[in-house]
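These are my notebook entries on a single chain. I set down what I looked up, in the order in which I looked.

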Amino acid sequence: MKETLKQAGYKYIKYQGHKEHLLLNEFSSSLEVFFSNKNHASWGLIWKNTHLEFVRSEKSYG
């Protein structure tokens, strides 16, 4: 299942290069890295016609 950032409670922060996108999880205030991976099989997000797949969490935001 793919959700939009708004549906999943995420805010886009920045593109980090090498297909990595940094997002803010607004529920837990944690930064998370997602990888551009079109048509992957697991849960993910859709952002500007790009499928994002969760990679890892980063340190807390703020």
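Surface. I worked from a predicted model. I find that the chain exposes about 4,200 Å², and that carbon and sulfur atoms supply 52% of this area. Of the 62 residues, 35% are buried.

Overall dimensions. I looked up the extent of the C-alpha trace, which spans about 30 × 25 × 20 Å along its principal axes. I then compared the radius of gyration with the globule rule: a compact globule of 62 residues would have a value near 11 Å, and the chain agrees because its own value is 11 Å.

Fold. I count one helix and six strands in the chain. In sequence order, I read the pattern as β-α-β-β-β-β-β. I also checked contact range: among contacts with a separation of 6 or more, 34% are between residues 24 or more positions apart.

Glu32. I next turned to a residue of strand 4, which covers residues 30–36 and includes Glu32. Which side chain of opposite charge is nearest to Glu32? I find Arg56, 11 Å away. Glu32 is buried and has no salt bridge; a salt bridge would require a side-chain nitrogen of Lys or Arg within 4 Å of a carboxyl oxygen.

Polar partners of Glu32. I list two side-chain pairs here. The side chain of Glu32 makes a polar contact of 3.3 Å with the side chain of Asn25, and another of 3.5 Å joins the side chains of Glu32 and Ser30.

Surroundings of Glu32. Setting aside neighbours within four places in sequence, I record contacts of Glu32 with Tyr10, His21, Leu22, Leu23, Asn25, Phe54, Arg56, Ser57 and Glu58.

How values were computed. Residues are numbered from 1 along each chain as its sequence is written. This is a predicted model: local features need pLDDT of at least 70, side-chain atom pairs count only at pLDDT 80 or more; totals for chains, interfaces and linings use all residues. Side-chain values use heavy atoms; hydrogens and water are left out. Helices (H or I, at least four residues) and strands (E, at least two) are DSSP runs, numbered from the N terminus. Buried means under 20% relative accessible area, exposed over 50%, partly exposed in between (1.4 Å probe, protein chains only). Lys and Arg count as positive and Asp and Glu as negative; His and the chain ends are not counted. A polar contact is a pair of N or O atoms within 3.5 Å; within protein, one must be able to donate a hydrogen and the other to accept it, and residues adjacent in sequence count only if both atoms are side-chain atoms. Contact means heavy atoms within 4.5 Å. The radius of gyration is taken over C-alpha atoms; the globule rule is 2.2 Å times the number of residues to the power 0.38. Accessible areas come from the Shrake-Rupley method with a 1.4 Å probe; for residues, only the protein chains shown count as cover.
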